[in-house]
Amino acid sequence: MLLPPETLAPGTLGAAAFVLSGSYLVFGLTGFGSTVLALPLLVYLMPLKLAVPLLLMLDFAASFLIIGRVRRGVRMDELGRLLPFLLAGMILGATLLVRLPEKPLLGVLGAFLVLYAGYGLTRRTGPPELSRAWSAPFGLVSGAFSAMFGTGGVLLAVYISARIHDKTQFRATSATAIFFNACVRLALFGALGLLGDPKLWTGWLVLLPCALLGIFLGSHLHARVPAAGVVRAVYLVLIVAGASLLLRVAG
């Protein structure tokens, strides 16, 4: 029997479920990284303009759960400096997502993943020390990348890790920034008509339990697994994913 047109194919849902479970396990461990790990793989299963809103809706639920458990560790002083620049960047990024074709956007995403992961793997010291003035460029670029690809959380994590060195405060503050990010993007995407695809809502309902399972496992492993080892493994996956996207665009 044929599936209704508003339903993603079973093979697509199965592959997406596997990708999302692993990606949100990383989110449960570190407080960031779900979208930047999942998106390069999901764009092989569905269009970019379906994958980005889907991950946005999952990020909203995921970050809400995380901050509900670790809200006492949130550094509001750091968030307050970031939020105005995040908002401006997201307005710019959402506009570009609607107006630009998919191919150049995937090329930008692939280059970003390779450069970011290469930086993470080759860095031999701890996070750099950044002044408060860096909140402006990091907020603007992170907001733009969040709206276009949902991947701005990694840039937020770079900035926050340079400002906050306590593991619990870093995880809580990163998750809260991603939650704010998701709230604003939901409003922007709704206004731009990016949330109207029935496949988006059926996919979200089916795949949400997979994301929640990953968060549950990651949160329980948070105190037992060295976060540095997990992040290093993620960097390797990102290089492969980014390089594959660049080859796909070039082809």
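How many Å² does the accessible surface of the protein chain come to, and what percentage of that surface belongs to carbon and sulfur atoms? The accessible surface is about 11200 Å², and carbon and sulfur atoms account for 72% of it. The structure described here is a predicted model. The protein chain contains ten helices and zero strands, and 52% of its 251 residues are buried.

**The chain as a whole**

- Along the sequence, the elements follow the pattern α-α-α-α-α-α-α-α-α-α.
- Of the contacts between residues at least 6 apart in sequence, 85% join residues at least 24 apart.

**Helices α4 and α6**

- Helix α4 comprises residues 76–99, and its axis comes within 6 Å of the axis of α6.
- The two axes cross at roughly 35°, and α4 passes α6 in a right-handed crossing.
- On the side of α4, the contact involves R81, L82, F85, L86, A88, G89, M90, G93, A94, L96 and L97.
- On the side of α6, the residues that meet them are S135, A136, G139, L140, S142, G143, A144, A147 and M148.
- By residue class, this contact of α4 with α6 divides into 13 nonpolar, six polar and one charged.

**Helices α4 and α7**

- Helix α7 spans residues 153–163 and packs with α4 at an angle of about 155°, the axes being 12 Å apart.
- Angles over 145 degrees count as roughly antiparallel, and α4 and α7 are therefore roughly antiparallel to each other.
- The crossing of these two helices, α4 and α7, is right-handed.

**Helices α5 and α6**

- Helix α5 covers residues 102–122 and helix α6 covers residues 135–149.
- The pair packs at an angle of about 125°, and the axes lie 11 Å apart.
- This angle makes α5 oblique to α6.
- The crossing in which α5 passes α6 is left-handed.
- L105, V108, L109 and F112 of α5 form the contact with F145, M148 and F149 of α6.
- The residues in this contact of α5 with α6 are divided into seven nonpolar, no polar and no charged.

**Two buried threonines**

- T12 lies in helix α1, which runs over residues 10–30.
- T12 has a relative accessible area of 17% and is buried, because buried means under 20%.
- When neighbours within four places in sequence are left aside, T12 is in contact with L45 and M46.
- T176 belongs to helix α8, which consists of residues 167–191.
- The relative accessibility of T176 is 14%, so T176 counts as buried.
- Apart from residues up to four places away in sequence, T176 touches I67, V74 and L79.

- L83 is located in helix α4.
- L83 counts as partly exposed, with a relative accessibility of 23%.
- From C-alpha to C-alpha, L83 and L140 are 9.4 Å apart in space, while 57 residues separate them in sequence.

- R132 is situated in the loop between α5 and α6.
- With 52% relative accessibility, R132 counts as exposed, because the term exposed applies over 50%.
- R132 touches R81, Y159 and R163, with residues up to four places away in sequence not counted.
- R132 and Y159 stand 27 residues apart in sequence, and their C-alpha atoms are 9.6 Å apart in space.

Terms used: Residues are numbered from 1 along each chain as its sequence is written. This is a predicted model: local features need pLDDT of at least 70, side-chain atom pairs count only at pLDDT 80 or more; totals for chains, interfaces and linings use all residues. Side-chain values use heavy atoms; hydrogens and water are left out. Axes are lines fitted to C-alpha atoms, for helices over the stretch in contact, and angles run from 0 to 180 degrees between N-to-C directions. Helices (H or I, at least four residues) and strands (E, at least two) are DSSP runs, numbered from the N terminus. Angles under 35 degrees count as roughly parallel, over 145 as roughly antiparallel, 65 to 115 as roughly perpendicular and the rest as oblique. A crossing is left-handed if the near helix is turned anticlockwise from the far one by less than a right angle, and right-handed if clockwise. Contact means heavy atoms within 4.5 Å. Ala, Val, Leu, Ile, Met, Phe, Trp, Tyr, Cys and Pro count as nonpolar, Asp, Glu, Lys and Arg as charged, and the others, Gly among them, as polar. Buried means under 20% relative accessible area, exposed over 50%, partly exposed in between (1.4 Å probe, protein chains only). Accessible areas come from the Shrake-Rupley method with a 1.4 Å probe; for residues, only the protein chains shown count as cover.
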